[in-house]
Each structure stands twice: as structure tokens, then as C-alpha cells.
Amino acid sequence: MAGYEAILDQQSRYFGPHHKRTLDTRAALGRWRGAAGDAAGAVAAYTELLSLLQQRSFPDSTAVLDTRAELARWQGESGDSYGAAMAYEALLADLIRVLGQHGGLRHPKETRTGPYASGLEDLTALSNWLKVFDAHHSHAHWRGRAGDATGAATSLTYLLDQQVQILGPDHPRILATREELAYWEEHARIR
């Protein structure tokens, strides 16, 4: 962390706060603060990064959306389960809106014909769905941690159905969703 802080200081002075290198270093600093166990420091780093990105980029840019996901994660890890759940809920809605607008949420197995059809389209569609599924899973997780076990179980049930349709029943993410669903169903019965 100390190394990234020193580099960030130098890059901010030399390149300015909005330069890609400076922003990348700020993201790395947030990651390493979180990895070192400083969840509050990670929240602070990602909050500052998000503010800088929003000044420089479109609100729906990949960098902004990815930073929002990291910020939400570290909000939860810092003890703000409700705030994390709400942040992931807003992120999920924006991901569906943005990716859906550009045709990026079609079924990856849909075949397209013509000179520009390629396997890359399938990979892009799958990557987009995985981002949506990750946000949905995290929303349900933090919703449960915030005290809404029934809501988490309901959300995970819907997610599981969507994942099976898009990924197939044997995808590794299906197992993770089933395990989380079982956990929150059990907690919903206990309460």
C-alpha cells in the first residue's frame, strides 16, 4: 500500500488526477487496502476514484460500473450491509439497462449470421451476463446480511433460474448460487 500511495502522489503531480495511469493506481490502492484488511480505507479509495471517474467518464462507462461494484463490495465488508445491498441493487438495474440497450444481454447461444458474426459475440454476451449475475448474487448476499434472509432467498431463487437458462445446469456458478440459496433459506426458516 505504501508503494502505491507514493506512486499515486507522484502520478497525481506529474500526470494529473484524471490520467488513466493515476486512476489505475488509485484502483490498485483500493484493492490492496481491502486485501490488507482495511475495508474502510478501501471504501475511501473507491469513493474518491468513483468521483474522479464520474468527472472524466460517462456515468455508464465500464470503469464507472466496475468501480461502483468494488465500492459496494467494500461497503459491505466494512460493516454497511444495507448500504452494500442498496448499492448493488442500483448497480444491477444500471447494468441491465446499459447492457440491454446495446444488445449485450442476448442469450450467448443465439447464432448470428453474416460477415460480422463471430465467437467473440458469444464471449461478450457471456461476459455481460456474468457481470449481471455477479451483481445480482452480491445484492442478494448483502441483503441477507442486512437482515432480510427471506428477500435474499427469493432473489437467489430468481437468479438461479436465470443462470440455468443462460449458463446451463452444470456451470460452476450454479453450485455457488445453490449453496448461498440454501444458507439463506435456512436462515429464513430460523427467524
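Mentor: Buried means under 20% relative accessible area. Keep that cut-off in mind. The model here is predicted.

Trainee: Is Thr 67 buried or exposed?

Mentor: Thr 67 has 6% relative accessibility, so it counts as buried. Thr 67 sits in helix H4.

Trainee: Which residues does Thr 67 touch?

Mentor: Leave out residues up to four places away in sequence; Thr 67 then touches Tyr 46, Leu 49, Leu 50 and Leu 53.

Trainee: Let me step back. How many helices and strands are in the protein?

Mentor: The protein has 8 helices and 0 strands. Along the sequence the pattern reads α-α-α-α-α-α-α-α.

Trainee: And what share of the residues counts as buried?

Mentor: The protein has 191 residues, and 42% of them count as buried. The accessible surface comes to about 10,700 Å². Carbon and sulfur atoms own 55% of that surface.

Trainee: What do contacts say about residues that lie apart in sequence?

Mentor: Take the contacts between residues at least 6 apart in sequence. Of these, 52% join residues at least 24 apart. Here is one pair to look at by its C-alpha atoms. Gly 151 and Ala 188 are 37 residues apart along the chain, and their C-alpha atoms are separated by 8.8 Å. Gly 151 belongs to helix H7, residues 149-167. At 5% relative accessibility, Gly 151 counts as buried.

Trainee: Now helix length. What span should helix H3 have?

Mentor: Count 1.5 Å a residue. Helix H3 covers residues 39-56, which is 18 residues, so it should span 26 Å. The C-alpha atoms at its ends are 25 Å apart, which agrees.

Trainee: Which residues of H8 are buried?

Mentor: They are Ile 174, Thr 177, Glu 180, Leu 181 and Trp 184. These residues cover an arc of only 130 degrees around the axis, which puts them on the same side of H8.

Trainee: Which residues are exposed on the other side of H8?

Mentor: There you find Pro 172, Leu 175, Glu 179, Arg 189 and Ile 190.

Trainee: Which residue forms a salt bridge with Asp 60?

Mentor: Arg 97 does, with the closest N and O atoms 2.9 Å apart. Asp 60 lies in the loop between H3 and H4, and Arg 97 lies in helix H5 (residues 81-101), so the pair ties together parts that are 37 residues apart in sequence. Asp 60 is partly exposed at 28% relative accessibility. Arg 97 is partly exposed at 35%.

Trainee: What of Lys 131 and Asp 66?

Mentor: Their side chains meet in a salt bridge, 3.7 Å from N to O. Lys 131 is in helix H6 (residues 119-145) and Asp 66 is in helix H4, so this pair ties together parts 65 residues apart in sequence. Lys 131 is partly exposed, with a relative accessible area of 31%. Asp 66 is partly exposed too, at 37%.

Trainee: Where do Arg 97 and Asp 94 lie?

Mentor: Both are in helix H5, 3 residues apart, so about one helical turn separates them. Arg 97 and Asp 94 form a salt bridge, with the closest N and O atoms 3.4 Å apart. Salt bridges with shared partners join Asp 60, Arg 68, Asp 94 and Arg 97 into one network.

Conventions:
Residues numbered from 1 in each chain as written. Predicted model: local features only at pLDDT ≥ 70, side-chain atom pairs only at ≥ 80, totals over all residues. Heavy atoms only, no water. Helix = DSSP H or I, 4+ residues; strand = E, 2+ residues; numbered from the N terminus. Expected span 1.5 Å × (residues − 1). Buried < 20%, exposed > 50% of the residue type's maximum accessible area, 1.4 Å probe, protein only. Arc of directions from axis to C-beta. Contact = heavy atoms within 4.5 Å. Areas by Shrake-Rupley, 256 points an atom, 1.4 Å probe, with all protein chains shown as cover. Salt bridge = Lys/Arg side-chain N within 4 Å of Asp/Glu carboxyl O.
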